[in-house]
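Welcome! Please take a moment with the sequence and the 3D view before reading on.

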Amino acid sequence: MTYDLVATLRPLLTAEASAEAHASGTEPGDLEQAVWLRLLERLDTDGPPLDPPDWLRRAVRSEARRTRRTHRLERPYDTEPVDDTERGPEHLALAAARRRALRDAVRRLPGRCPRLMEALLSPKDLTYREIAGELGISQGSLGPERSRCLGCLRRLLTPEVAAREVRG
């Protein structure tokens, strides 16, 4: 039943969220996600709405109003907030050591993982399309490859991280 309800409401929700998103200063996908969450919560407590399309329209408008209120109340900082973390010589040395350990572990990865991870860590902030072109692989295979490489990297770094922990 839930699947039928979702399949029936999906086109209407997409249209309603697209119509309301601009005025609320949010993305249509964010509105859709909030309404789906509301529907799941409702299904869990009260069951399905009696008139699902009407409920959905009201839920989208309600979420859009809530988003507008939030945007009116929240103001961005004029400047970056003060960073009160310790930036002394010890902190800088430890941060440099962590970066070196990460780069060393990346170089020890198998296959094309080192090149992929270097591209992902690049200060140039490359897009997936640029990385795929640079590595000569399809953009669609980048995500699975990245996951596999991160798994390998995690396994390489786990002993080093565990060895540094302070036991007490």
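Predicted model: local features only at pLDDT ≥ 70, side-chain atom pairs only at ≥ 80, totals over all residues.

Residues are numbered from 1 along each chain as its sequence is written, and side-chain values use heavy atoms, with hydrogens and water left out.

Let us begin with charge pairs. Side chains of opposite charge can pair when their charged atoms come close. Here, a salt bridge means a side-chain nitrogen of Lys or Arg within 4 Å of a carboxyl oxygen of Asp or Glu. By this rule the model has ten salt bridges. The table lists some of them.

| Salt bridge | Closest N and O atoms |
|---|---|
| Arginine 61 and glutamate 20 | 3.7 Å |
| Arginine 103 and glutamate 118 | 2.8 Å |
| Glutamate 145 and arginine 148 | 3.0 Å |

Helices (H or I, at least four residues) and strands (E, at least two) are DSSP runs, numbered from the N terminus. A residue is called buried under 20% relative accessible area, exposed over 50%, and partly exposed in between (1.4 Å probe, protein chains only).

Take the salt bridge of arginine 61 with glutamate 20. This pair links distant parts of the chain, 41 residues apart: arginine 61 sits in helix α3 (residues 52-73) and glutamate 20 in helix α1 (residues 2-24). Arginine 61 is partly exposed at 33% relative accessible area, whereas glutamate 20 is buried at 18%.

Arginine 103 and glutamate 118 also form a salt bridge.

What separates glutamate 145 and arginine 148 in helix α7 (residues 142-164)? They are three residues apart, so about one helical turn lies between them. Glutamate 145 is buried at 11% relative accessibility, while arginine 148 is partly exposed at 42%. Elsewhere, salt bridges with shared partners join Glu16, Glu20, Arg57 and Arg61 into one network.

Finally, a stop in a loop. Serine 122 lies between α5 and α6 (128-135) and is buried, with 16% relative accessibility. A polar atom of the serine 122 side chain lies 3.0 Å from the backbone nitrogen of lysine 124.

Definitions and conventions
Polar contact = N/O pair within 3.5 Å; in protein donor to acceptor, adjacent residues only side chain to side chain.
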